Amino acid sequence: MDIFDRIKQNDGGPIGQYRKLSHGYFSFPKLEGPIGPHMTFRGKKMLNWSLNNYLGLANDPEVMKADADAAKEFGMAAPMGARMMSGQTKYHEHLERRLADFCHKPDCFLLNYGYQGMTSIIDSLLTRHDAVVYDSEAHACIIDGLRMHTGKRFVFPHNNMDACRKELERATKLVAQTGGGILVITEGVFGMKGDLGKLDEIVAMKKEFNFRLLVDDAHGFGTMGETGSGTPEHFGVEDGVDVHFGTFAKSMAGIGAFVASEKYIIDYLRYNMRSQLYAKSLPMPMVLGAEKRLDMLQQKPELKEKLWTIVRALQNGLTERGFDIGVTNSPVTPVYMKGGVEEATNLVYDLRENYGLFCSVVVYPVIPRGEIILRLIPTAVHTQEDVDYTLKCFEAIRGKLLAGEYQKPMPSVAD
């Protein structure tokens with residue numbers, strides 16, 4: 001069969017099958033205006049809970065000035081080339097030293113993007129003789145990295161430490177035969193449910209098993225821990241986390257990522273991560289902009305405090321009103337409801353068109369049939385008024401959902 005014929009017959013894949021009804025509205029929506037809690041969608045003002053702008057830095061005047069000044073001085077092209085060849089600068093090195101110090105690690109390596117960075121870290125660290133033990137709800141970037149691993153993979157049910165121990169036992173027996181090692185991979189904050197990886201319990205297993213621990217802390221960096229350095233700090237296990245990965249796309253409201261570890265590990269990654277070796281260096285405005293964002297994160301703890309004030313107000317308000325927000329103990333706030341894809345579609349359409357509220361919706365095939373997740377991301381620039389209005393909206397749509405008002409044909413709203 002011709003490749004293109006197969007794609008045409010597949011009708012877009014598991015998620016893409018909905019594109020004819022949803023493109024430009026439920027998928028690939030265009031939010032316009034200054035980044036923040038209030039933006040414009042299709043000409044209408046929306047209260048926005050869909051951006052991972054945790055500390056509100058995306059539209060901060062100081063941050064925007066730093067970005068603009070860096071772009072004016074260096075443009076978007078500098079430095080040209082991959083870092084190993086011609087793209088190395090003192091600014092890249094300085095930011096790496098600061099990030100390493102902040103995460104209490106000996107060294108750090110800047111990455112162009114979080115997704116490709118994580119896949120490449122996994123690919124670089126492992127050989128076919130090694131075994132991986134990982135959480136079943138690991139992010140797609142981890143799964144894609146594991147797909148490149150030619151050795152054995154052992155998965156344990158989400159945050160099930162008894163199962164993790166059993167998989168470690170199996171992995172230990174295997175590497176005794178192959179001569180390889182074991183890498184455990186989990187997340188600091190799981191981006192869908194908002195619960196934390198059990199880093200303290202995993203680190204404690206090092207007394208029983210010989211393994212290294214890689215933590216994807218994309219949602220934890222900047223939001224968790226006393227200083228905001230992340231979930232390892234929150235649990236007090238920074239020394240037990242061997243490889244600490246973070247991204248600038250969440251709390252830092254920017255582009256790029258980093259990996260922090262022992263110096264010899266970072267040296268190895270610098271010379272073996274193919275996603276970085278053969279990619280253009282992170283442009284200077286992103287580097288200097290990240291420096292400014294790190295300044296704000298470290299020098300203005302009130303930003304994290306304001307974030308958590310809004311988090312508690314929203315999550316407590318939801319639970320007091322009988323909503324199910326699952327097991328979150330991070331800013332990520334999922335609201336679980338029951339209904340099919342049609343009901344979810346009509347519910348979200350109602351929220352946007354009649355209540356002016358924009359949030360992300362998750363349905364089958366990402367989650368099981370009959371379930372709906374409305375995912376809210378509080379930020380430091382939301383207000384108590386935003387929270388109060390959202391609680392009223394959610395009470396209203398829950399009543400309509402239970403009354404069966406959303407059981408009707410889906411609106412065709414695609415561009």
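Helices and strands here are DSSP runs, numbered from the N terminus. With that in hand, let's look at this predicted model, starting with Asp217, which sits in the loop between strand 8 (212-216) and helix 11 (231-235).

Asp217 is buried but takes part in no salt bridge. The nearest side chain of opposite charge belongs to Lys250, and it is 11 Å away. Leaving aside residues up to four places away in sequence, the contacts of Asp217 include Gly188, Val189, Thr231, Pro232, His244 and Phe245.

## The sheet and a helix packed on it

Seven strands make up an open sheet in the order 4-10-9-8-7-5-6, with mixed pairing. Strand 4 (107-111) and strand 6 (152-156) are at the edges with a single partner strand each, so one side of each has no neighbour in the sheet. From one strand to the next, the twist averages 20°.

Strand 5 (residues 131-135) and strand 6 run parallel and are joined by five bridges. Within this pair, Asp135 stands opposite Phe156 of strand 6. Helix 7 (residues 114-125) packs on the sheet, where it touches strands including strand 7 (182-187), strand 9 (243-247) and strand 10 (257-261). The direction of helix 7 makes about 160° with that of strand 9.

## Salt bridges

In total, the structure holds 21 salt bridges. One of them links Arg83 with Glu96, whose closest N and O atoms are 2.7 Å apart. Arg83 belongs to helix 5 (residues 83-87) and Glu96 to helix 6 (residues 90-102), so this pair ties together parts that are 13 residues apart in sequence. Both Arg83 and Glu96 are buried.

Asp242 lies in the loop between helix 11 and strand 9, so the two residues connect parts that are 30 residues apart in sequence. Arg212 is partly exposed, with a relative accessible area of 49%, whereas Asp242 is buried at 12%. Shared partners also join Arg83, Glu96, Asp107, Lys263, Asp267 and Arg270 into one network of salt bridges.

## An exposed lysine

Finally, Lys392 is found in helix 17 (residues 384-402). Its relative accessibility is 60%, and exposed means over 50%, so Lys392 counts as exposed. The C-alpha atoms of Lys392 and Leu318 are 9.9 Å apart, although the two residues are 74 residues apart along the chain.

Note on methods: Residues are numbered from 1 along each chain as its sequence is written. This is a predicted model: local features need pLDDT of at least 70, side-chain atom pairs count only at pLDDT 80 or more; totals for chains, interfaces and linings use all residues. Side-chain values use heavy atoms; hydrogens and water are left out. Helices (H or I, at least four residues) and strands (E, at least two) are DSSP runs, numbered from the N terminus. Buried means under 20% relative accessible area, exposed over 50%, partly exposed in between (1.4 Å probe, protein chains only). Lys and Arg count as positive and Asp and Glu as negative; His and the chain ends are not counted. A salt bridge is a side-chain nitrogen of Lys or Arg within 4 Å of a carboxyl oxygen of Asp or Glu. Contact means heavy atoms within 4.5 Å. Two strands pair if DSSP finds at least two bridges between them. Axes are lines fitted to C-alpha atoms, for helices over the stretch in contact, and angles run from 0 to 180 degrees between N-to-C directions.
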